[in-house]
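Subject: Structure for your review

Hello,

Below are the sequence and the structure we discussed.

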Amino acid sequence: MTNSPSSAQQKSGQEQFLTILSREAALAGFEAALFPRPLPTETRTLADVLGLVLAEDVAVPVDVPPFDRSNVDGFAVRAADLAAASETRPVRLELNAEAIACGTVPQLPVLTGTATSIATGGPLPRGADAIVMVEHTHPVGLSAIEVGRGISPGQFVSNAGSDMARGEVVLRTGTQIGSREIGMLAACGIAQVAVARRPRVAVLSTGDELVQPGEPLRAAGIYDANGPIIAAAVTENGGEAHFLGAFPDDEATLEAAMREALAAHDVLILSGGTSKGAGDVTHRIIGRLGKPGIIAHGVALKPGKPLCLAVCGGKPVIVLPGFPTSAMFTFHDMVVPALRRMAGLSPRVDAQVTARLPLRVPSELGRTEFVMVSLVQGQGGLTAYPTGKGSGAITSFTQADGFIRIEALADHVPAGADVPVTLFTPRVRVPDLIVIGSHCVGLDLVVGELSRRGISVRSLSVGSLGGLAAAKRGECDLAPIHLFDPKTRNYNAPFLGDGLELVPGWRRMQGLVFRRGDERFEGLGAEDAVHAALADPDCMMVNRNQGSGTRILIDQLLGAERPDGYWNQPRTHNAVAAAVAQKRADWGVTIAPVARAAGLGLIPLTEEHYDFALVCARKDRPAVHAFLEVLQTDEVHSALERAGFSRPG
Ligand code: AMP
Ligand code: MG
């Protein structure tokens with residue numbers, strides 16, 4: 001075995017990423033190992049070239065138009081005949097005995113003192129040098145016309161080759177072919193062109209846990225998101241993607257699949273299995289697939305550190321990190337440039353805008369960090385809210401408008417900084433209504449009704465306190481909140497400051513949840529249920545995070561007790577329900593709709609008030625009116641009730 005970095009890595013099983021390369025060094029090494037390389041081309045007919053890249057310069061084989069032709073319906077004339085024509089002294093021209101339609105070859109010359117009827121697109125007859133529009137003539141019987149104005153030679157005539165001249169190069173190598181280019185090619189009679197062949201890209205997911213969408217999820221299973229998202233992103237960037245499925249972390253099976261895929265494709269992209277856990281074997285296999293092998297395994301990116309870039313036998317082999325957002329950022333940042341180059345495409349240019357960060361964004365020193373952001377229109381311009389839920393979250397992709405890049409040498413970006421935001425879409429979409437605060441499934445029902453009425457809503461979930469802060473800065477119309485004030489024993493109202501008013505929302509029953517049939521809890525009231533839980537040392541609880549309204553409630557229930565599970569403090573109602581349903585805990589506190597969806601029993605504790613802090617200055621906006629109106633409709637009331645919420649009387 002040679003002493004390459006990859007074999008050194010193999011020997012030191014535990015060691016993670018012997019050499020972490022900077023983003024720039026990894027990119028440079030990868031490109032240097034791949035380029036220059038010949039661009040494979042193929043000849044395709046016009047029906048089959050949309051979106052492809054021209055691999056040859058196109059010179060026009062004929063003049064377009066091929067002959068001098070009329071641009072209007074009228075009469076072909078000699079301009080000199082009309083030099084003296086005026087309204088008061090019209091000139092009379094005798095009509096020649098033919099009418100030139102499109103596709104008609106003229107037979108008779110236009111002699112001095114004559115005119116020939118001609119349609120738009122008709123070829124100019126011999127002798128004629130201009131067209132007079134039919135609107136500017138008067139018939140004189142059937143065989144003559146009068147013209148009451150002069151015209152200049154060449155008027156309303158398109159000369160042969162005036163659009164495209166024979167021999168002229170009209171399209172150049174590297175042009176991406178759209179409908180306009182196809183039109184040009186067709187107009188000069190070209191039926192087929194040489195184009196760059198799309199690189200064939202094999203996409204493979206790895207992981208024992210992966211389940212294909214459409215299949216039932218088994219215990220500890222995860223849906224394979226990377227396969228479809230990578231295949232689509234490959235197509236978006238000029239590749240021809242072939243998704244080959246998800247493979248278990250088994251070295252022999254995986255190696256066979258990778259060898260087969262590499263033989264039949266130009267590029268191999270895997271995801272998962274790069275973080276060198278027990279089952280992570282792909283990087284070992286890559287070491288055996290061909291030279292020069294691994295270029296980078298471990299790149300100073302966040303997310304995306306486990307990225308592995310390799311070139312085997314001249315073909316790129318890439319292992320993207322397992323988490324879908326990490327996979328996507330590394331794909332777009334590190335793989336797309338090479339893929340587009342292999343496809344003959346020019347580098348991608350994404351739209352950018354400048355936006356202000358409302359809060360300090362910490363960043364790890366030494367890693368180039370990507371932070372997804374949602375844009376809202378603030379008073380002084382755009383504000384960029386980080387949507388990050390951690391690298392495992394995929395919703396950020398649909399909520400985010402784009403991302404910011406924090407360079408490796410920065411350890412934070414200060415609050416209030418103006419930052420460039422790279423957009424995911426060509427333009428910023430400004431929503432009609434902005435709601436920032438605590439999320440609730442009930443809110444989705446209201447938003448649904450608004451969007452049926454054509455009102456677009458951006459709803460960012462940053463928690464109640466984050467929402468209030470955004471409302472005070474004037475960045476949203478409404479902030480949904482559920483904050484309990486233990487002093488006044490009141491919800492929400494005590495937390496509003498100047499410039500905000502309370503719009504009553506709905507109530508959510510908070511209760512102690514347990515698995516149905518658990519005799520420790522079945523049939524008990526709240527107080528007895530807590531006693532029962534505390535009396536059983538095997539009974540495990542699940543708590544909530546500090547700062548949540550639910551946590552205040554739990555601490556009241558427990559007093560000084562700290563039962564097993566107290567330090568398990570997830571951040572969502574759903575996580576509490578999942579922990580109890582999956583038997584990682586026996587009881588917790590969550591809201592009734594969530595308990596019901598998870599099939600859990602619920603012992604009611606108290607009703608939590610979920611209301612809206614309305615920014616007074618934004619009260620007159622039409623979208624705010626619509627929101628307030630929709631909140632009162634019977635449809636929304638009954639939808640909320642069906643989902644397990646109640647409206648204040
Ligand atoms: P790995 O790099 O294999 O250790 O995976 C890191 C994380 O990404 C784990 O939580 C995996 O379950 C998850 N993951 C890996 N592959 C996929 C995939 N194709 N779709 C969704 N999640 C994945
Ligand atoms: Mg894995």
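Contact here means heavy atoms within 4.5 Å. In that sense, and leaving aside its neighbours within four places in sequence, Ile 318 is in contact with Phe 30, Val 267, Leu 268, Ile 269, Leu 270, Leu 307, Cys 308, Leu 309 and Val 335.

Some conventions before the rest. This is a predicted model, in which local features need pLDDT of at least 70 and side-chain atom pairs count only at pLDDT 80 or more, while totals for chains, interfaces and linings use all residues. Residues are numbered from 1 along each chain as its sequence is written, chains are lettered from A and ligands numbered from 1 in the order in which they are written, and side-chain values use heavy atoms, with hydrogens and water left out.

Overall form

The protein has 16 helices and 37 strands; these are DSSP runs (helices H or I, at least four residues; strands E, at least two), numbered from the N terminus. Its radius of gyration is 35 Å, well over the 26 Å that the globule rule gives for 649 residues, so the protein is more spread out than a compact globule. That radius is taken over C-alpha atoms, and the rule is 2.2 Å times the number of residues to the power 0.38. Along the principal axes, the C-alpha atoms fill a box of roughly 115 × 75 × 45 Å.

Five domains are listed, with bounds from an automatic or database domain assignment: domain 1 (7–37 + 198–342), domain 2 (41–64 + 163–196), domain 3 (69–158), domain 4 (352–423) and domain 5 (455–649). Between the C-alpha centres of domain 2 and domain 4 there are 42 Å. Of the 649 residues, 47% count as buried, where buried means under 20% relative accessible area, exposed over 50%, and partly exposed in between (1.4 Å probe, protein chains only).

The cores

A nonpolar core is a set of buried Ala, Val, Leu, Ile, Met, Phe, Trp, Tyr and Cys residues joined through side-chain atoms within 4.5 Å. The largest has 35 residues, and Ile 269, Leu 309, Ile 318, Leu 320, Phe 331 and Met 334 touch the most other members. Among the elements that give two or more residues to this core are helix H2 (23–34), strand E17 (267–271), strand E21 (315–320) and helix H7 (324–342). H7 gives the most, with 10 residues. Domain 1 and domain 4 both give residues to this core, so it lies between them. Apart from it lies another core, of 33 residues, including Leu 443, Val 576, Ala 626 and Leu 640.

Leu 375

Leu 375 is found in strand E24 and is buried, with a relative accessible area of 1%. Beyond its neighbours within four places in sequence, its contacts include Val 353, Ala 355, Leu 382, Asp 401, Val 421 and Arg 458. Gln 399 is 24 residues away along the chain, and its C-alpha atom is separated from that of Leu 375 by 9.6 Å.

Four bridges join E31 to strand E36 (residues 600–615), and the two run antiparallel; strands pair if DSSP finds at least two bridges between them. Asp 611 in E36 is the bridge partner of Ile 481.

Helix H12 (residues 549–558) has Gly 549, Thr 550, Arg 551, Leu 553, Ile 554 and Leu 558 as its buried residues. Their cover includes helix H11 (526–535), helix H13 (573–581) and E36.

Backbone points to check

Most residues other than glycine have a negative phi, and most peptide bonds are trans. The exceptions here include the following.

- Val 64 and Pro 65 are joined by a cis peptide bond, with omega about -10°. Pro 65 lies in the loop between strand E2 (58–59) and strand E3 (69–70).
- Lys 302 and Pro 303 are also joined by a cis peptide bond, with omega about -5°.
- Asn 492 has a positive phi, near 65°, and is buried, with a relative accessible area of 0%.
- Lys 583 has a positive phi, near 65°, in the loop between H13 and strand E35. Lys 583 counts as exposed, at 63% relative accessibility.

Regards
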